[in-house]
Amino acid sequence: RTAKDMISWLKKKTGPLAETLKTKADLDAFLKENNNKGLVGVFKNKEDKDYKEFLQNLDSDKTFGDFPAAEVFDATLAKELVGGVVPSLKLYRGFDDKTFVLSGDKLAEAKSWLLGNGYPLVEEIGAENFQRY
């Protein structure tokens, strides 16, 4: 365990579940801080049922907890990120430059989508990841 990992864990436990991004600069700073790894939820507003489900998953599901999370409500940023399709999730994996988008009624499949796309195909098995295998 490193100091950076411990600080990250403390932020997850004490801070908001997802960081609110309002501009492209906010997104760039979020990705830079998290080594280009993150799960960005794009929603109409905080009353959206998909947004509430997103927060619930972040809070209770370890698969979602593996990714730093952010939320976007700005239509301009949503258009840039996911072509304006709301609700959507955009995944930045961190170990390569590929991004993946899950949109619309497919959000119910978010956990299996994350498991299939969020991790390297082959990686060293350790205490933090052995349960996925």
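Guide: Helices are DSSP runs of H or I with at least four residues, and strands are DSSP runs of E with at least two; both are numbered from the N terminus. This model is predicted: local features need pLDDT of at least 70, side-chain atom pairs count only at pLDDT 80 or more, and totals for chains, interfaces and linings use all residues. Residues are numbered from 1 along each chain as its sequence is written, and side-chain values use heavy atoms, leaving out hydrogens and water.

Visitor: How many salt bridges are there?
Guide: Side chains of opposite charge can pair when their charged atoms come close. A salt bridge is a side-chain nitrogen of Lys or Arg within 4 Å of a carboxyl oxygen of Asp or Glu. By this rule, the count of salt bridges is six.

Visitor: Is D50 buried or exposed?
Guide: Buried means under 20% relative accessible area, exposed over 50%, and partly exposed in between (1.4 Å probe, protein chains only). D50 forms a salt bridge with K49, and K49 is exposed at 63% relative accessibility. D50 has 17% relative accessibility, so D50 counts as buried.

Visitor: How far apart are the closest N and O atoms of K62 and D66?
Guide: K62 is partly exposed, with a relative accessible area of 48%. K62 and D66 form a salt bridge, and their closest N and O atoms are separated by 2.9 Å.

Visitor: In what order do the five strands form the open sheet?
Guide: Two strands pair if DSSP finds at least two bridges between them. At the edges stand β1 (19-21) and β5 (99-103), each with a single partner strand, so one side of each has no neighbour in the sheet. The pairing is mixed, and the order is β1-β3-β2-β4-β5.

Visitor: Which residue in β5 stands opposite K90?
Guide: Strands of a sheet pair through backbone hydrogen bonds, either parallel or antiparallel. Strand β4 (residues 88-93) and β5 run antiparallel, joined by five bridges. Opposite K90 stands V101.

Visitor: At about what angle does helix α6 run to β4?
Guide: Axes are lines fitted to C-alpha atoms, for helices over the stretch in contact (heavy atoms within 4.5 Å). Angles run from 0 to 180 degrees between N-to-C directions. Helix α6 (residues 110-117) lies across β2 (37-42), β4 and β5, and its angle to β4 is about 20°.
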